[in-house]
2 protein chains.
Amino acid sequence: MPFRAPLDEYRLLLNHVVDYGQVCGTDRFAEATMDTVEAVLTEAGKMCEEVIAPLNRNGDLDPAVLENGKVRTSKGFAEGYQAIADGGWISMAADPEYGGMGLPMTVTTTVNDMLAASNLALQLNPLMTQGQIEALEHHASDELKALYLPKLTTGEWAGTMNLTEPQAGSDVGALSSKAERNDDGTYAITGQKIYITWGDNDFTENVCHLVLARLPDGVPGTKGISLFLVPRNIPDADGNPGVANSLKVVSLEHKLGLHGSPTAVMQYDGAKGWLIGKEHDGMRAMFTMMNNARLGVGVQGIGIAEGAYQHALAYANERKQGKTPEGTIIGHADVRRMLATMKAQTFAARAIALAQAVAIDMGNATGDAEWKARAAFLTPITKAFGTDTGVEVANMGIQVHGGMGFVEETGAAQYARDVRVTTIYEGTNGIQAMDLVGRKLMDGGEAAYRLLDEIEAFAETAKGDLPDLAEPLWQATETLRETTEALVAMTDMQDRFAGAVPFLRGFALVLGGYYHLRAALADEKAAKLARFYIARLLPDHAGQLAHAREGAADLMALTPDDLAV
Amino acid sequence: MPFRAPLDEYRLLLNHVVDYGQVCGTDRFAEATMDTVEAVLTEAGKMCEEVIAPLNRNGDLDPAVLENGKVRTSKGFAEGYQAIADGGWISMAADPEYGGMGLPMTVTTTVNDMLAASNLALQLNPLMTQGQIEALEHHASDELKALYLPKLTTGEWAGTMNLTEPQAGSDVGALSSKAERNDDGTYAITGQKIYITWGDNDFTENVCHLVLARLPDGVPGTKGISLFLVPRNIPDADGNPGVANSLKVVSLEHKLGLHGSPTAVMQYDGAKGWLIGKEHDGMRAMFTMMNNARLGVGVQGIGIAEGAYQHALAYANERKQGKTPEGTIIGHADVRRMLATMKAQTFAARAIALAQAVAIDMGNATGDAEWKARAAFLTPITKAFGTDTGVEVANMGIQVHGGMGFVEETGAAQYARDVRVTTIYEGTNGIQAMDLVGRKLMDGGEAAYRLLDEIEAFAETAKGDLPDLAEPLWQATETLRETTEALVAMTDMQDRFAGAVPFLRGFALVLGGYYHLRAALADEKAAKLARFYIARLLPDHAGQLAHAREGAADLMALTPDDLAV
């Protein structure tokens, strides 16, 4: 069941749904015309289809392992990585000054989407490096930039992120890794970090770790944390990887999925590190990356949804069972319902992600505060809805396969196993939802209402052409507006948090309806899918938003004792 | 994280929700008083806690394997099986004439629930035997009953079900296994069967296969299928396992979960079999077992939901992260929401299953057609909602664990992997839903409306005491009634099938609200959980039922070509 790059859908989205034209209409991205984008997507799509996707099962069957302190990666992953690096896909969005392509995040997002659909375990590696490049571009000294960025953009070196410790997961501020000042301006880093994605590999010359640690005079909590670049091999005078640093991979996790991606426990024993940004200001650098990183993870969910959908669709088109006009199970209404749900929900999640990417690009290109607020507002929705969609669609993909879905050889289960962590890492989806109802409504709902205004205005004008789609969308948006107002009015944060996850879900469903409607006006085939989404999936918003309005009292009245068995 | 038998919840359900008193009020089950039930549950619960649950990880880590044509089972499973057999739990519901306890299905259901929660892979073995005992009791000759039932009830021999073939999954009628008449009244069975749960083991003296096959004069389709009992070892004159039959385990599947349960490809090469029931009438015997078998699988989902819930609850009570009054993550509103959702939905699914079990018992004890119709109507709901609940709750259990949920050592992922097949086998949940809107509405909705009348009447009387719960439940029931009427009015089955799954879900949600309300009137703690369910989970019925009313036209308008990438 080969993967096929969904280029038609990207064209529809970029041209008619998220208005990519405004991005290449800016000076900054003037060169990234739709023709250029077309060439980029075709090239990246070809690589994903021919090189990356065929390696996906290898990662599962031949997991990365730790042998004598070294990580040995899955068969073929080195070649796959090289193809990604050679194509320039690691540094698509990076600054051309250091070898990047300088493409808009919108384009990067579609390429990352295809890479994730093809092989999530492998895609994680360049995704980590992309984040590191971004952090260094914004916060590293010119000297560090000159030394590291050319190596990272070519993929000769890889990057990782080291945040989590056993007692400091969602609560990053609880970390206990220490940094001490050396005499030469560098720092000595000591501590243990867990869940380090691609903590090492056997196909790049060097691995560069961005590590959060606390200086002796760092206050407790997030405000006392600094960020350090800690290379596995310390660059020598020529900038080549030199002597080994005082760090090691202690072990790799045995995980539900992503077996091809080594998840390491890292030990730092006075390892030499270089400060990124200012002392005690590490969280700010982290926050700089956050919109992009969360977009990146949301897109992982969307990519897996695409892969799982295509896999299930191929099966449904082949499997004969019962009498149908098509001769295969795709003729059964319930199988059709599952496939349509998978496709329609993936489309919705992808449109939201691309709308966020456009907002990031427009914010970067214009400096406009409204675009920046839009990007920030959409971030938790992209991340949580994108990854929930990945989990749900992959799960439905198993169901389409019937008994074969439970047999590992089929490959359907791998999508579900691989994607499962995406709702957890880079901030759990619960934390995304809390971010949405907390920080992202701190403007009194301004960014939210601006989005709702846009949807209602569009639905209003679409009522003439597609009243059966525009009317229920308008109604749903009104319910969402009322719920948003109700949340904004809640002064006790616990009340908002109690309904945060269903609120985010309800918001995403309405946004999805909006983007489906936009597509429907442009394309007849898309209109059929939009009709399915708006009539059958959008109604779920009502239950979600009812849940969201309930507040915390009755929930927290269920004490731990009440919940005990 | 040890398993704890949820005896308080069973007491609440039996005494106040599903009115078990009417079951032991019948002559047939007069001996199964609540005192007896209490003793049974305590004893079975103790075994599950102390013997069965501790073996659960073994099944995952040390899978059943095929060695030289023999199945070697997971470490400890033989001892676990023996404990189940020694306790009489295999034959709880079986006829006392052949060594069974003759307990009501309601009681059997709670014990199976605990066994599934403790160790689903192992529980599958006695569950298969229970089904075989039931089939033989109803359809075997007295001679076969006398020979096989005493061995099966004691657990000395185990039973399996052989239905599926590569080209005949959901469409059983497409099977091609052949049966030929021998001169001595026996039959020679030839063919390949797949997905045979516990196709062999190394801890029972014999394994008895119930095999569907077609006689030379059997018509194509389900009406030409006969059922045969085909023992691995042919009983000798003394009834002991004698010479090997002409059958073998060809291979075991490599599955997403249930590694402790060997899923076999079976090959029959003229194996000697004995007819069960009449020639060409094999499907009738299958249908006899169906209500109980589907109840059994629904309860597997509920059991796993219980196990996953307890596992997540223990973690939430221990894990420190962020500041909460409790000092652990259970103080976070979103974690509380997840745990409450898990508990409330599991309660709803369990209540539905027990209501079905009571209906089965009452139908058997009284012969009353309304009870039989009630049991038949609830069957697909129990199976699909119970197993969906298992999948959803286990998935939420992973989420509660955060990053630890993705690490296999934690055990949270195993619940999600193990339970995943339950929405597929014993008729996929899509097929359950088609059964509900098809066969189960063939009475013009009579059984459905009788249930809705009961709910509305109860809600009406509860409006005085608990108006905030009774009123929304009454409203939801009205919406469900209107939707049921709309489905009954659809003359093209495709229209019903298009909305079958959301209709079943909506029906289950309303039923769950009803049983929560019953519990709420009896118990203050239960009222808190009911309030959570009715205010926050029940509203989902509206979206589901809106989807259900949409019919097939717009769905089937999405052609395979429209769905292509």
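For these notes, contact means heavy atoms within 4.5 Å. With that cut-off I find 87 residues of chain B in contact with 87 residues of chain A.

Ground rules before I go on. This is a predicted model, where local features need pLDDT of at least 70 and side-chain atom pairs count only at pLDDT 80 or more, while totals for chains, interfaces and linings use all residues. Side-chain values use heavy atoms, with hydrogens and water left out.

**Interface**

I looked up buried area next, meaning the accessible area (1.4 Å probe) that two parts lose on being put together, summed over both. Chains B and A bury about 7,600 Å² between them, and 61% of that is on carbon and sulfur atoms. On the chain B side, B:Phe406, B:Arg536 and B:Val565 supply 13% of the area buried against chain A, more than any other three residues.

Then salt bridges (a side-chain nitrogen of Lys or Arg within 4 Å of a carboxyl oxygen of Asp or Glu). I get two between chain B and chain A. B:Asp562 makes a salt bridge with A:Lys528, with the closest N and O atoms 2.5 Å apart.

Which helix of chain B gives the most to the side that touches chain A? That is helix α18 (residues 524-537), with eight residues. Helices here are DSSP runs of H or I, at least four residues, and strands are runs of E, at least two, numbered from the N terminus.

**Chain A overall**

I count 21 helices and eleven strands in chain A. Its radius of gyration, over C-alpha atoms, is 23 Å, close to the 24 Å that the globule rule gives for 565 residues, so chain A is as compact as a globular protein of that length. The rule is 2.2 Å times the number of residues to the power 0.38. The C-alpha atoms of chain A fill a box of roughly 70 × 60 × 55 Å along the principal axes.

**Annotated domains**

From the unreviewed UniProt entry I took "Acyl-CoA dehydrogenase/oxidase N-terminal", a domain at residues 38-156 of chain A. I note that such annotations may be inferred rather than shown by experiment. The span is 66% helix and 5% strand, with end C-alpha atoms 27 Å apart.

UniProt also places "Acetyl-CoA dehydrogenase-like C-terminal" at residues 451-558 of chain A. That stretch is 84% helix and 0% strand, and its end C-alpha atoms are 35 Å apart.

**Back to salt bridges**

Over all chains the count comes to 69 salt bridges. I checked A:Asp8 and A:Arg11, whose side chains meet in one at 2.7 Å, N to O. They sit three residues apart in helix α1 (residues 7-17) of chain A, so about one helical turn separates them.

Key. Residues are numbered from 1 along each chain as its sequence is written. Chains are lettered from A and ligands numbered from 1 in the order in which they are written.
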